[in-house]
Amino acid sequence: MNEKPLDAHREKMIAALYGELSAEEERELRELIDSDEELLAEWQELAEAREFLQAAADEAPAPSFVFLTPPEEALPVSATVRAGRHARSGLRARLGHLFGSPAVVFGIAACALLVLIGAGFRVDHTEGDLVLGFGSRPHPVAAPQFTQGVGLEPGAEAYLTRTDFDRFANLQMKITAAMLNQYEEQRRDETLLLVRQVSVALSERQQRNHEELRTQVQDAWLRMIGMGVLGNQPVMRSSRDRGTPERIAPVSQPTDN
Amino acid sequence: MSDAELALLSRQGDPQAFNRLAGKWGASLFRFVRRMLGSDADAEDICQEAFLKAYVNIRRLREPEKFRAWLHHIALNLCRDWHRSPRGRERTIAYEEGFAERLPRPETRAPMAPDREMERADLARELSAVLDKLSLEQRTAILLREYQGFTTEEIAEITGVPAATVRTRVFYGLKSIRRTLQQRGVTAESLRGGAETR
């Protein structure tokens, strides 16, 4: 809404309309209005509007707003709570008297900020994190080198960032993987050794069995010769016995004459 | 007992003192709020809330003699909130689109009825129409000055603007009322004629 501020005459007209002028001021205004047609026309407009408003005033019945019972939240508070409220309001009043207007408070806040900046207050943005501190900015610390999960290098304990932690975790993972591989190889070697031992044991056992079987076969063979079952047929010997051939007497064949 | 004495008693936790204040100013506040909103039901709700807020916060009233102005200040803030709410905006649109059309046109308007009730109804209808044409600030200033009887300085305190601004609002508001009445064919003579029939 764009309302032009009133000049002194029109302000006085409004004041006169509601009886807020002294008799002297009203008489002066009356004379001014009578001598100025524009002011007179406006005065009549205002008076007619007021006349209408007065005529339209009604005394319509209104509901009662008396509380039959006070609302619960509006009941008188306890002495302790009231004392606290009074203390707060008293403090607020004292602060209000002390500081005065909001401009003074703003000025004090600005001075405090300047003092803080002078004392070296700073806000660092380090790897996505805001760090508040005083004094000069620290020298950048070399990225810590982690070995065998030892942790941070000496002097780097002030900055453990997310990147450092990721690197540390990756290294630990690699170490763990290497240990697992080593364990796997060790297990494999042990298994191979065991298989080899079993194989040797089996081989020896087979050799032993073979010797026993050969001895048994030879004994059986000798018994058969001794009984004359085989006659003069050549004796099959093992290669081991081939150097000492044993002559076996031929078995006489029966004739038909 | 004066408002100041009753307000002081209320501050000390006497609900009956506050009830006396509510009984004293309830009807006046209700009429003010009803003219601000144009709705009886909403005005009743707003008044109820205003009295409740006043009762809960009466310990914060530093000048008990200004209880009535303080009460109107609370109610005015609630009215502003209401006008900003969807319900208030809907109501305002309904007034602009429906209420004015339902009123008789100037050329077809019947002369003021001799019967007093009819005459009062005509005037109430005209009053709603002219108030509806005012801005919220002008309406506030004129209602507080004309019907609630507050001085310019008190209105300035209630609305939180300088006294000169209040006079400006009243001045332009009255001129707007006069213009609307002319458009609707209501003249000073018809008003005086209606008054004579009373």
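These legends walk you through a few close-up views of a predicted model.

**View 1. An edge-to-face pair of rings, Phe18(B) and Phe67(B)**. Welcome to the aromatic side of this structure, which holds five aromatic pairs over all chains. In the pair shown here, the ring centres of Phe18(B) and Phe67(B) are 6.1 Å apart and the planes stand at 90 degrees, so the pair is edge-to-face. Phe18(B) belongs to helix H2 (residues 15-37) of chain B and Phe67(B) to helix H4 (residues 67-84) of chain B, so the pair ties together parts that lie 49 residues apart in sequence. Phe18(B) has a relative accessible area of 0% and is buried, because buried means under 20%. Phe67(B) is likewise buried, at 0% relative accessibility.

**View 2. The cluster around Phe18(B) and Phe67(B)**. Step back from the pair to see its partners: ring pairs link Phe18(B) and Phe67(B) with Phe51(B), Tyr55(B) and Trp70(B) into a cluster.

**View 3. Two arginines over rings in chain B**. Here, look for Arg35(B), which lies over the face of Tyr147(B), 3.9 Å from the ring centre. Then find Arg68(B), whose charged end sits over the ring of Phe150(B), at 4.1 Å from the centre of that ring.

**View 4. A nonpolar surface patch in chain A**.

How values were computed: Residues are numbered from 1 along each chain as its sequence is written. Chains are lettered from A and ligands numbered from 1 in the order in which they are written. This is a predicted model: local features need pLDDT of at least 70, side-chain atom pairs count only at pLDDT 80 or more; totals for chains, interfaces and linings use all residues. Side-chain values use heavy atoms; hydrogens and water are left out. Rings of Phe, Tyr and Trp (its six-membered ring) pair if their centres lie within 6.5 Å; planes under 30 degrees apart count as stacked, over 60 as edge-to-face and the rest as tilted. Helices (H or I, at least four residues) and strands (E, at least two) are DSSP runs, numbered from the N terminus. Buried means under 20% relative accessible area, exposed over 50%, partly exposed in between (1.4 Å probe, protein chains only). A charge sits over a ring if NZ of Lys or CZ of Arg is within 6 Å of the ring centre and within 35 degrees of the ring normal. Patches are made of residues with over 30% relative accessible area and no salt bridge: like charges are joined within 9 Å, nonpolar side chains (Val, Leu, Ile, Met, Phe, Trp, Tyr) within 5 Å. Accessible areas come from the Shrake-Rupley method with a 1.4 Å probe; for residues, only the protein chains shown count as cover. A salt bridge is a side-chain nitrogen of Lys or Arg within 4 Å of a carboxyl oxygen of Asp or Glu.
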